[in-house]
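The tour goes from the whole chain to single sites.

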Amino acid sequence: MVTANAKSRVVVLLSGGMDSCVCAALAVRDFPAVAALHVSYGQRTEARERSAFLAICQRLGITETLLVRNETLRAIGGSALTDPTIAVPEATQIGREIPVTYVPFRNAHFLAVAVSWAEVLGAEKVYIGAVEQDSSGYPDCRPAYYQAFNQVVKAGTKLGNIEIVTPLIGMRKAGIVRLGLELGVPFDLTWSCYSHEERACGVCDSCVLRARAFREAGARDPAPAEIELAPGS
Ligand SMILES: [Zn+2]
């Protein structure tokens with residue numbers, strides 16, 4: 001039996017990056033009870049991302065948390081994020097193809113854990129901060145993927161009533177920054193860099209997308225990388 005209280009609860013996937021942080025802040029704004037999930041998967045910056053997750057939860061007042069470890073993605077490798085022998089490319093080296101920072105079918109692993117947890121909690125929504133435009137072009141960040149995944153969730157859960165929600169998927173990155181600033185998102189606590197944990201590298205795709213987003217939003221990044229964007233980049 002799903003109680004009224006459980007209905008108003010949502011699970012949020014929170015990596016510790018800027019998009020997932022804005023997504024979590026939206027959930028906190030709109031729902032009385034938010035449970036946050038973090039998945040470590042052997043990525044280069046996993047310790048830094050985990051500490052960002054904990055700090056963001058504390059700042060947003062999220063007390064219900066679940067931190068899990070996925071060993072399979074690292075064991076499988078095939079990505080610059082999980083295989084130390086594959087270098088993280090600089091943003092300028094990336095062409096039109098899906099870059100090597102893509103972790104094969106990663107978001108399906110995350111969503112599976114989130115939906116399992118939502119089912120146990122009685123939550124009816126899973127929020128994820130996937131972004132299609134202004135992103136690295138990963139196939140598991142496309143709207144069609146989430147539409148299809150929702151069909152799987154509907155067919156494969158007890159009540160079939162859990163929905164994956166992607167509030168940022170159609171937004172430009174600068175718009176996400178502006179929305180985050182309106183919501184009072186703690187961007188200072190977020191971590192975006194793919195390759196370094198001490199100091200953001202400023203050259204990976206994630207660092208460059210972040211810097212460009214703040215620049216286009218006309219805002220100062222409270223946790224800037226050492227980066228100078230070339231005009232028009
Ligand atoms: Zn970086």
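This is a predicted model: local features need pLDDT of at least 70, side-chain atom pairs count only at pLDDT 80 or more; totals for chains, interfaces and linings use all residues.

Residues are numbered from 1 along each chain as its sequence is written, and side-chain values use heavy atoms, without hydrogens and water. Of the 233 residues of the protein chain, 52% are buried, meaning under 20% relative accessible area with a 1.4 Å probe, protein chains only.

Next, select Val11, Leu13, Leu111, Val126, Tyr146 and Ile164. These have the most contacts inside the largest nonpolar core, a set of 42 residues (buried Ala, Val, Leu, Ile, Met, Phe, Trp, Tyr and Cys joined through side-chain atoms within 4.5 Å). Colour helix 5 (106–121), one of the elements that supply at least two residues of this core. Helix 5 gives the most, eight residues.

Now centre on Tyr146. Leaving out residues up to four places away in sequence, Tyr146 touches Asn107, Leu111 and Ile128, among others (contact: heavy atoms within 4.5 Å).

Finally, select the zinc ion. Its protein donors (N, O and S atoms within 2.8 Å of the metal) are the SG atoms of Cys193, Cys201, Cys204 and Cys207, 2.3 to 2.4 Å away. Along the chain these donors follow the spacing C-x7-C-x2-C-x2-C. Cys204 and Cys207 are both buried.

Definitions and conventions:
Buried means under 20% relative accessible area, exposed over 50%, partly exposed in between (1.4 Å probe, protein chains only). Helices (H or I, at least four residues) and strands (E, at least two) are DSSP runs, numbered from the N terminus. Donors are N, O and S atoms within 2.8 Å of the metal (3.2 Å for Na, K and Ca); water is not among the atoms, so sites may look incomplete.
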